[in-house]
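Here are my notes on the model shown below. Please read them with the structure open.

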Amino acid sequence: MFDFAVVTEWVDGLLRSWLPESWAVLAEFFLIGLCLLLAYAVIALVLILAERKVCAYFQCRLGPNRVGPWGLTQSVADMFKMLIKELIQVRHVDNFLFNLAPYIVIISSVLAFGCIPYAKGLEIIDFNVGIFFLLAVSSIGIVGILLAGWSSNNKYSLIGAMRSGAQMISYELSIGLSILTMVVFSGSMQLSTIVESQADGWFLFRGHIPAFIAFIVYLIAGTAETNRGPFDLPEADSELTAGYHTEYSGMHFGFFYLAEFLNMFIVASVAATLFLGGWMPLHIPGWEGFNAAMDWIPSIFWFIGKVAVMIFIIMWFKWTFPRLRIDQLLRLEWKYLLPLNLCNLLLMVIVVVFNLHF
Amino acid sequence: MEISLQEIVFFILAAVIVVCSVLAVTTKRILRSATHLLFVLFATAGIYFQLNYSFLGAVQLTVYAGGIIVLYVFSILLTSPEGDHAEKLMRGKFFAGLVAALAGAAVCIFIMVTHSFGAYRIIPGEIPMKEIGHALMGTERYQYLLPFELISVLLLACIVGGIMIARKR
């Protein structure tokens, strides 16, 4: 399998031969940041197009089909529209917080985006507490949403922000616990180690019942965490116009929009990494020829494929279920998912201690 | 004078901490104050990451930035009306605060000057997570099971107390 470390080490060597040590490190920071932001923007564009197309087919429509073949360049055109729009100054808002909030949201999302192992040798942030760091930085986004809702000086925004805050804080528990279940199983929090240890079978299959329950819970909680339907009541358009980002215009609105789509991508890729092996190809112990054939497919395609499937499932949720009420939403979390999760954690510990897994 | 990249990063983080701490207490609006506090906590987490203690950095982010600050902002949203500004400080209060701050600074500086720190170095590589876990959950010397359990009892008491205050009669 192609190891991307070859490419990154070559770039590293090249820069070090040209520049002194510290300047080379600095240049690498900028290069990595540039690649990260570029990937962030491109993935967002692809996701926006995918969302519109999937939504259209679910509703028996055609979706975007005028700009470019099959509407492919529609979201690129939308991006340019967004970039050249005016940032409207709203009166009677707290300007400092109002302008700061979108950046907090987008920074938290980009930091989480940087933790994901994309392919063999393509990991940017790889701490030994990797998955914990990812959870930590993605929890910062709530602050941005709350600030946005409050500083807009608008009742709808404030209600949206409060709903969003309550929802994200509650569902973060479920996400944390279901990830903890998988950390117990893998015995490591480092994302690269987690992926490496799935070489002879993905955790979803090796951990059987508890892993499967954790997977389902993670998917539900992850969908809620990203404020997507059926849990999209923070920005329920028919009740709150647009929730916490009602007053935002131009690229500041764009930041919220981007962060929402990329958070979906992050949730999908964490699900793929923890349960479906990340970039690790499908291996079945004992089937040597089959494993070799699977290794032949590049790791990045495995990763993209798994993430695409997860994203499709999350979109499927959105266009299938009606929106929940706030009390139903909180009851689902606190009365059903949380006890289920705690029992599941215990079950996973039993499975690991008595070595009942494959 | 040769300054390494590490030192530049440290000075930037230190400047952010100092400036935002001052702003957090001088601003008139309580939510801005909370936001400045958030930046102070971010920069502190940055210093932990610089020292290669990524576990503490991540804890700092998730507990303080993601937990405590969200709690603060939530309670501010629920309790303070729009356009709520802090009233002007009384003279006596101002001087009392100043004296308390100076006394605190004096104690800190005294300890920093008299305490002999170990050799200035940044340990390469991270501390393995297993070691931290054993230190938290062990009962031997320099292991912290008892404080850990005590804090969890304290938190449980807080939760019960909160429910007692909030429940409908």
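**Notes on chains A and B**

1. Chain B has six helices and zero strands. Helices (H or I, at least four residues) and strands (E, at least two) are DSSP runs, numbered from the N terminus. Along the sequence, the pattern of chain B reads α-α-α-α-α-α.

2. This is a predicted model: local features need pLDDT of at least 70, side-chain atom pairs count only at pLDDT 80 or more, and totals for chains, interfaces and linings use all residues. Residues are numbered from 1 along each chain as its sequence is written, while chains are lettered from A and ligands numbered from 1 in the order in which they are written.

3. Chain B splits into domain 1 (1-86) and domain 2 (128-169). These bounds come from an automatic or database domain assignment. The centres of the two domains of chain B, taken over C-alpha atoms, are 25 Å apart.

4. Of the 169 residues in chain B, 14% are buried (20 or more other C-beta atoms within 10 Å of the residue's own, with C-beta atoms placed from the backbone).

5. Turn to chain A. The axes of helix 2 (residues 21-58) and helix 14 (residues 299-320) of chain A come within 10 Å and cross at roughly 50°. Axes are lines fitted to C-alpha atoms, for helices over the stretch in contact, and angles run from 0 to 180 degrees between N-to-C directions. That makes helix 2 of chain A oblique to helix 14 of chain A; angles under 35 degrees count as roughly parallel, over 145 as roughly antiparallel, 65 to 115 as roughly perpendicular and the rest as oblique.

Conventions
Buried ≥ 20, exposed ≤ 12 C-beta atoms within 10 Å, placed from the backbone.
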